[in-house]
Amino acid sequence: MQIARSMAEIRSATAQARQNATSSDAESLALVPTMGALHAGHLELVRAAKATGAKVVTSIFVNPLQFGANEDLSRYPRDEAGDLAKLQAAGCDVAWLPGVDVMYPPGDATLISVGGPSAGFEGAARPGHFTGVATVVAKLFGQTGAGAAFFGAKDWQQVQVIRRMVEDLCLPVAINVVPTMREASGLAMSSRNRFLSDEERVVAPALYATLNDAAIRLRAGDKAADVLAQAEAALRARGFVPDYVSLVEARSLQPIAVLGAENRLLAAARLGSVRLLDNIEV
Ligand code: AMP
């Protein structure tokens with residue numbers, strides 16, 4: 001696995017990966033963007049990318065631009081040596097580790113602001129977050145020249161924001177979405193889970209269980225407003241502080257009251273100091 005830290009290194013590593021690719025299609029170079037602290041969910045993205053036959057670039061960059069003023073960037077877990085060992089074992093071809101000065105060099109003055117699906121939910125809870133995400137992902141596309149990129153369904157709103165950006169800016173990158181990897185308990189894997197106490201770990205899987213119960217009732221035709229209110233109440237009763245439990249059209253993220261062709265249940269809830277996100281198809 002090649003490790004690149006500068007623009008010159010990533011250009012040369014990706015050129016070499018392209019040469020070694022079995023096909024000359026743009027999609028023969030695939031990008032997996034991450035913020036490190038890698039777990040099995042991240043590695044599943046690498047596996048899915050490799051399964052297409054592509055050479056895989058995994059980026060590790062804790063993006064200051066997507067953290068709010070009240071969010072603790074310094075608390076974000078970092079384990080570069082452990083991450084590199086996991087990527088190597090997963091068969092990743094290139095690890096792209098830009099520093100903040102490489103990502104945002106002096107004079108940097110461009111932001112990408114996506115409307116539509118970035119409004120509401122995480123966009124409302126974390127002002128500026130999706131501008132940070134869209135800007136860094138667009139830069140990663142430009143830096144690597146990847147023709148395909150892999151994102152987790154775990155961050156459903158993020159995927160819709162990226163899809164919107166790619167379509168609106170006519171970026172030549174195929175967006176692939178990989179199902180959420182879960183622990184045996186059903187808890188969605190996340191780098192934030194390490195901050196859960198032992199007691200909270202026992203309770204945390206109730207978020208997914210509550211979404212599944214709500215989905216069953218929605219499919220049975222129960223009124224969405226009642227189902228969502230009861231899901232929030234159930235979470236509160238377990239000790240969560242729910243931020244939202246919403247039924248939305250899966251791509252636009254517009255709230256809906258009646259099931260349509262593609263629907264998603266989105267939830268965010270705080271458990272102790274940890275804000276947990278989850279979502280499922282309905
Ligand atoms: P992050 O490092 O948290 O920014 O996540 C990097 C990528 O991994 C994003 O596309 C996430 O959606 C994805 N991801 C994180 N957790 C999971 C999971 N449990 N299952 C699948 N993908 C995930």
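## The largest cavity

The largest cavity in this predicted model holds about 80 Å³ of space. A cavity is a set of points on a 1 Å grid, over the protein atoms alone, where a 1.4 Å probe fits but cannot get out. Its volume is the space filled by probe spheres set on the points, which are joined across faces, edges and corners. A search of the whole structure finds one cavity of 30 Å³ or more.

## Its lining

Lining residues have an atom within 4 Å of a point. The largest cavity has 13 of them. Nearest its centre lie Lys 154, Leu 187, Ala 188, Leu 276 and Leu 277. Helix H9 (206-219) and strand E9 (274-281) each give two or more residues. E9 gives the most, with four. Helices (H or I, at least four residues) and strands (E, at least two) are DSSP runs, numbered from the N terminus.

By class, the lining has seven nonpolar, two polar and four charged residues. Ala, Val, Leu, Ile, Met, Phe, Trp, Tyr, Cys and Pro count as nonpolar; Asp, Glu, Lys and Arg as charged; the others, Gly among them, as polar.

## H1 against H6

Helix H1 (residues 7-20) packs on helix H6 (residues 129-144) at about 60 degrees, with axes 9 Å apart. Axes are lines fitted to C-alpha atoms over the stretch in contact, and angles run from 0 to 180 degrees between N-to-C directions.

Met 7, Ile 10, Arg 11 and Thr 14 of H1 meet Gly 142, Gln 143 and Thr 144 of H6. Contact means heavy atoms within 4.5 Å. Two of the residues in this contact are nonpolar, four polar and one charged.

## Basis

Residues are numbered from 1 along each chain as its sequence is written, and side-chain values use heavy atoms, without hydrogens and water. Local features need pLDDT of at least 70, side-chain atom pairs count only at pLDDT 80 or more, and totals for chains, interfaces and linings use all residues.

Technical notes
1 Å grid on protein atoms, 1.4 Å probe; cavity = no way out; pocket = protein on both sides within 12 Å on 5 of 7 lines; lining within 4 Å.
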